[in-house]
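Subject: Structure for your review

Dear colleague,

Please find below the structure that I am handing over to you.

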Amino acid sequence: MANASKSTGAAKPARRQAGDVSPATPSNRAERAAERRAAIVEAALDEFIARGFTATRLDDVAKRAGVAKGTIYLHFKDKESMFEELISTAIVPLIGRLVPPPSMNGSVRDALEGFAKAFIQEVATTRRGDIVRLIVAEGPRFPAIADFYYREVISRGLAGMRALIELAIARGEIKQPELVRFPQIVVAPAIIAVIWKSLFERHSPLDALEMLRVHFDLIFGERRTT
């Protein structure tokens, strides 16, 4: 009997360990919820691009995502919050690259060129650019979305850009101090690339990276060749 008792007692921990990796655990439920949320956001982007913000319906987003409409309300309160999620996940992380590190050894030009190139390659020439174009097109009718984009993207981007310009002026890399007042000038080619691609690319393809090089030559002076 003693041996049987020991055998029974040893089996219980094994059952508890099996329960630890069950699909019903909170961690797995959280993973599935995150996957559904990501699917909804991806479907929303498809619908926004295809129909525009105004004409997009939550029913169509749910159908494309393969979920019930009620599932959407578990993650988002409305269409606007869904669009804000697109901005937060697709655009905002890129803006974080503009913040200069406490001790930046490389040139400011290299840092700004790196950001602008990343914006062109990761936004202007990808579906992220459609988010920016949607904001330009629909922002006037939906000021809350435009306000969110300004707060989360534009204001942060301008602050980072201004800090880099001030550093460049202090180092003597930029000779025009008035540029601090208009940091928009520095990133202008990237914005042009986004708009050009959707409107005029089929008429006149734009080499955005070459345009960027010329632009920075005008601001910093031509690079010296050795």
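The notes that follow concern the salt bridges.

This is a predicted model, in which local features need pLDDT of at least 70 and side-chain atom pairs count only at pLDDT 80 or more, while totals for chains, interfaces and linings use all residues. Residues are numbered from 1 along each chain as its sequence is written, and side-chain values use heavy atoms, with hydrogens and water left out.

The structure holds 21 salt bridges (a salt bridge is a side-chain nitrogen of Lys or Arg within 4 Å of a carboxyl oxygen of Asp or Glu). In the descriptions below, buried means under 20% relative accessible area, exposed over 50%, and partly exposed in between, with a 1.4 Å probe and protein chains only. Helices are DSSP runs of H or I with at least four residues, numbered from the N terminus.

Arg-223 pairs with Asp-110 in a salt bridge with an N to O distance of 2.8 Å. Arg-223 lies in the segment after helix H11 (208–220) and Asp-110 in helix H7 (residues 108–124), so this pair ties together parts that are 113 residues apart in sequence. Arg-223 also forms a salt bridge with Glu-113, again with 2.8 Å between the closest N and O atoms. Glu-113 is in helix H7, so this second contact joins parts 110 residues apart in sequence. Glu-113 is buried, at 9%, whereas Arg-223 is partly exposed, at 45%.

Asp-60 and Arg-57 form a salt bridge at 3.0 Å, N to O. Asp-60 is buried at 13% relative accessibility, and Arg-57 is partly exposed at 46%. Both belong to a salt-bridge network whose members include Glu-42, Arg-64 and Arg-127.

Yours sincerely

Definitions and conventions:
Helix = DSSP H or I, 4+ residues; strand = E, 2+ residues; numbered from the N terminus.
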